Amino acid sequence: TVLDVWSSVADYSHPPEACLVNYYRPGARMGLHQDRDEEELAAPVVSISLGDTGLFRIAADRQGPSSVVKLRSGDVLVMAGPARLSYHGIDRILGGSSRLLAGPLFPDGGRINLTLRRVTRP
């Protein structure tokens, strides 16, 4: 379950309180932003990728250098410690990159991202 994923990667003693579900169509993008609306910024953000590969961009600030990571179906990304408030976004979704024995995960392509987070202080 997603709670098992949190327990195995979060290195945080309390469970998440929210799971944001985003669907990205092939070619979709999301600009650089920070996840800072939560009261408990000491807790990590755990991201689970399903479907087509997403080109994930991460940077310390909007103007500085950034890195791009390919997030494939089944990949888990943890933003914790200094990376917790990094700027991040999706450069694009590589349509048709998710392949299973019977075809793509989603018939029309795309990607679902599950983002687990703690909202309040314990």
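Is V76 buried, partly exposed or exposed? In this predicted model, V76 counts as partly exposed, because its relative accessibility is 37%, a value that falls between the limits of under 20% for buried and over 50% for exposed. The legends below begin with this residue and then move to other parts of the chain.

**View 1. V76 and its neighbours in a nonpolar surface patch.** V76 belongs to strand β6, and V78 is found in strand β6 too. Together with V9, these two valines form a nonpolar patch on the surface, and the accessible area of the three residues together is about 180 Å². V78 counts as partly exposed, because its relative accessibility is 32%.

View 2. Strand β4 covers residues 53-59 and is mostly covered, with 5 of its 7 residues buried. With strand β7, which spans residues 87-94, β4 runs antiparallel, and 7 bridges join the two. Within this pairing, F56 has I90 of β7 as its bridge partner. β4 also pairs with β5 in the antiparallel sense, here over 6 bridges, and in this pairing I58 stands opposite S67 of β5. β4 and β5 form a hairpin, with 6 residues lying between the two strands.

View 3. R72 is classed as partly exposed, because its relative accessible area is 44%.

**View 4. A network of salt bridges around R117.** The structure holds 6 salt bridges, and this view shows how D35, E38, R84 and R117 are linked in a network of such contacts. D35 forms a salt bridge with R117, in which the closest N and O atoms are 3.7 Å apart. Because D35 lies in the loop between β2 (30-33) and β3 (45-51) while R117 lies in strand β8 (residues 111-117), this pair ties together parts that are 82 residues apart in sequence. Both D35 and R117 are buried. The side chain of E38 also meets that of R117 in a salt bridge, with an N to O distance of 2.7 Å. This second pair likewise links distant parts of the chain, since E38 sits in the loop between β2 and β3 and R117 in strand β8, 79 residues apart. E38, like R117, is buried.

**View 5. The salt bridge between R121 and E39.** The side chains of R121 and E39 meet in a salt bridge with an N to O distance of 4.0 Å. Distant parts of the chain are linked by this pair, with R121 in the segment after β8 and E39 in the loop between β2 and β3, 82 residues apart. R121 is classed as exposed, because its relative accessible area is 53%, whereas E39 counts as partly exposed, because its relative accessibility is 42%.

**View 6. The backbone at D11.** D11 is placed in the loop between α1 (2-9) and β1 (18-24). Its phi angle is near 50°, which is a positive value in a residue other than glycine. As background to this view, most residues other than glycine have a negative phi. D11 is classed as exposed, because its relative accessible area is 78%.

**View 7. D108 in the loop between β7 and β8.** D108 is found in the loop that runs between β7 and β8. This residue counts as exposed, because its relative accessibility is 70%. D108 and G95 are 13 residues apart in sequence, while their C-alpha atoms are 8.7 Å apart in space.

How values were computed
Residues numbered from 1 in each chain as written. Predicted model: local features only at pLDDT ≥ 70, side-chain atom pairs only at ≥ 80, totals over all residues. Heavy atoms only, no water. Buried < 20%, exposed > 50% of the residue type's maximum accessible area, 1.4 Å probe, protein only. Helix = DSSP H or I, 4+ residues; strand = E, 2+ residues; numbered from the N terminus. Pairing = 2+ DSSP bridges. Patch = residues over 30% accessible without salt bridge, like charges linked within 9 Å, V, L, I, M, F, W, Y side chains within 5 Å. Areas by Shrake-Rupley, 256 points an atom, 1.4 Å probe, with all protein chains shown as cover.
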